[in-house]
Amino acid sequence: MKTLSKNPQIEVLRSLAWACSCLSILLIAAFLLKGTIGYFIFLFAYGWLLWTFVEYSIHRFLMHELIVPGKKDELFNHHNHHANPHSLKVKMWHRILVFSLGISIFFLAVTLNNLFTAFAGFFIGFLFYNFLHYILHKPIGKILLPKIQRAHILHHTRYPNCGYSFSTILWDWLFDTLPPKEAEISPKMEENYFGFFRKTTH
């Protein structure tokens, strides 16, 4: 996969600067609203948004070899996922574990109503990341997450250096890594993307 920038380190620093600015606003808002429900909401949103940035950064800067070319595939095996996008699976025990952990952590955060809420937002974002990715690889994603799925299909096909996010298109939009608006998804691209799942449902 090609690198997005001739100076990936500069891209990393630029991304960090923007992320810190956005996240700082949420954190400041949370402390200004301490003692109200807004404190919980903004702290949780801060944690969740922080996770989405980490998710974006790992996918863009590590899995797509922008920092250390040729050194990351053994760790993430991400090229295999691009070659076989329809092979993504989420087992039932994984679903049960994720939902149980997510609900437990959320209610603990509600009970404590302190800085743990930010951790809860981050961790729940991480827990549900696999489900979101799974949905993006199924036709139902067109209904539930249409914009993100479009970007993800194009990421897997014609634009591997675009559409890095799974949870939100915010960072792709902010860092100008969304696929072109005029890009179209052909039936052949969908067939390759959905794979056997698509073939067994038609």
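Contact means heavy atoms within 4.5 Å. The legends below concern a predicted model, in which local features need pLDDT of at least 70, side-chain atom pairs count only at pLDDT 80 or more, and totals for chains, interfaces and linings use all residues. Residues are numbered from 1 along each chain as its sequence is written, and side-chain values use heavy atoms, with hydrogens and water left out.

View 1. Helices (H or I, at least four residues) and strands (E, at least two) are DSSP runs, numbered from the N terminus. Ile169 touches Lys147, Ile148 and Leu178, when residues up to four places away in sequence are not counted. The C-alpha atoms of Ile169 and Gln149 are separated by 9.9 Å, the two residues being 20 residues apart along the chain. Because its relative accessible area is 27%, Ile169 is classed as partly exposed (buried means under 20% relative accessible area, exposed over 50%, partly exposed in between, with a 1.4 Å probe and protein chains only).

**View 2. The largest nonpolar core, with 15 residues.** Such a core is a set of buried Ala, Val, Leu, Ile, Met, Phe, Trp, Tyr and Cys residues joined through side-chain atoms within 4.5 Å. Trp171 and Phe175 touch the most other members. At least two residues of this core come from each of helix H1 (8–32), helix H2 (37–63) and helix H9 (170–174). H2 provides the largest share, six residues.

**View 3. Contacts of Phe175.** With neighbours within four places in sequence left aside, Phe175 is in contact with Arg14, Ser15, Trp18, Phe53, Tyr56 and Arg60.

**View 4. A nonpolar surface patch around Ile103 in helix H5 (residues 92–112).** Phe99, Ile103, Phe106, Phe107 and Val110 make up this patch of about 470 Å². Patches are made of residues with over 30% relative accessible area and no salt bridge; like charges are joined within 9 Å, and nonpolar side chains (Val, Leu, Ile, Met, Phe, Trp, Tyr) within 5 Å. A salt bridge is a side-chain nitrogen of Lys or Arg within 4 Å of a carboxyl oxygen of Asp or Glu. Ile103 counts as partly exposed because its relative accessibility is 47%.

**View 5. The protein chain, with 10 helices and zero strands.** Of its 202 residues, 41% count as buried. The accessible surface comes to about 11,500 Å², of which 68% belongs to carbon and sulfur atoms (Shrake-Rupley method with a 1.4 Å probe; for residues, only the protein chains shown count as cover). Among contacts with a separation of 6 or more, 66% are between residues 24 or more positions apart.
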